Amino acid sequence: MRGVLYIATGKRCCSEALLNAQRCRETNPNLAITIQTDLPNYPGLSKVFDSVNLFSDPNHSYRDKVAGLASTPFSETLFLDSDACLIAPATDLFELLQGCDLAAAYAPVRHPPGWSDAAVPMIFPELNTGVLLMRRTRVVDLLVERWLCLYDELVQTHGQSWDQASFRSVLWSLLKNHHLSFLHLP
């Protein structure tokens, strides 16, 4: 089953996800949309989302996104940050998953300051983890699991709370060693 997943903890993100899910509905009326949130009774959620799932242990940081991806209800997921929405039908987007496990766009900043995995070639940039297209496979589950572990480690050791450097590191490792198939989104 295909669908859009929002993970929104806290009132600001929940409100933002609700607004953007409404926009998604306008162009994709038949696409399933789920939210994972610590505020499942937030007004209006049940009118817009097909499923409202409790996110029971929020950190109110990027960690929530990574942890929430592990329990996507879809076999083909388009994850959107709460500030993102679809402005056109997503059919062609999901068709990309016929040839890959995962797709993401380049991040606006190629390599920001902070921790960066020296084992990853500099030519391989950070990716925007606010829009992820993924097929539920064993290697994608492994990616999410390792991403969460490295994210937690970097928060502890470097105080780095953003998630793109850890995603880049884990993605590169799995591309090399586990036959993860990946496409860049435009």
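1. Leu143 is buried, with a relative accessible area of 3%, where buried means under 20% relative accessible area, exposed over 50% and partly exposed in between, computed with a 1.4 Å probe on protein chains only. This is a predicted model, in which local features need pLDDT of at least 70 and side-chain atom pairs count only at pLDDT 80 or more, while totals for chains, interfaces and linings use all residues. Residues are numbered from 1 along each chain as its sequence is written, and side-chain values use heavy atoms, with hydrogens and water left out.

2. Leu143 sits in helix H5; helices (H or I, at least four residues) and strands (E, at least two) are DSSP runs numbered from the N terminus. Not counting residues up to four places away in sequence, Leu143 touches Leu102, Phe167, Val170, Leu171, Leu174 and Leu180, a contact being heavy atoms within 4.5 Å. The C-alpha atoms of Leu143 and Ala70 are separated by 9.5 Å, although these residues are 73 apart along the chain.

3. Helix H5 has 21 residues, which should span 30 Å at 1.5 Å a residue, and the 29 Å between its end C-alpha atoms agrees with this; the expected span is 1.5 Å times one less than the number of residues. Its buried residues are Val139, Val140, Leu143, Val144, Trp147, Leu148, Leu150, Tyr151 and Leu154, and they pack against H3, E5, E6 and H6. Just after H5, Gly159 takes a positive phi of about 65°.

4. The largest nonpolar core has 31 residues, and those with the most contacts inside it are Leu69, Leu102, Leu143, Phe167, Leu171 and Leu180; such a core is a set of buried Ala, Val, Leu, Ile, Met, Phe, Trp, Tyr and Cys residues joined through side-chain atoms within 4.5 Å. At least two residues of this core come from each of strand E1 (2–8), helix H3 (62–69), strand E5 (102–106), strand E6 (127–135), helix H5 (138–158) and helix H6 (164–177). H5 gives the most, with 8 residues. Apart from this core lies another, of 26 residues, among them Cys24, Leu45, Val48 and Cys100.

5. Helix H1 (residues 11–27) has 17 residues and reaches 25 Å from its first C-alpha to its last, close to the 24 Å expected at 1.5 Å a residue. In H1, Cys14, Ala17, Leu18, Asn20, Ala21 and Cys24 are buried, and the buried residues of this helix pack against E1, strand E2 (32–37), helix H2 (45–48) and strand E4 (76–80).
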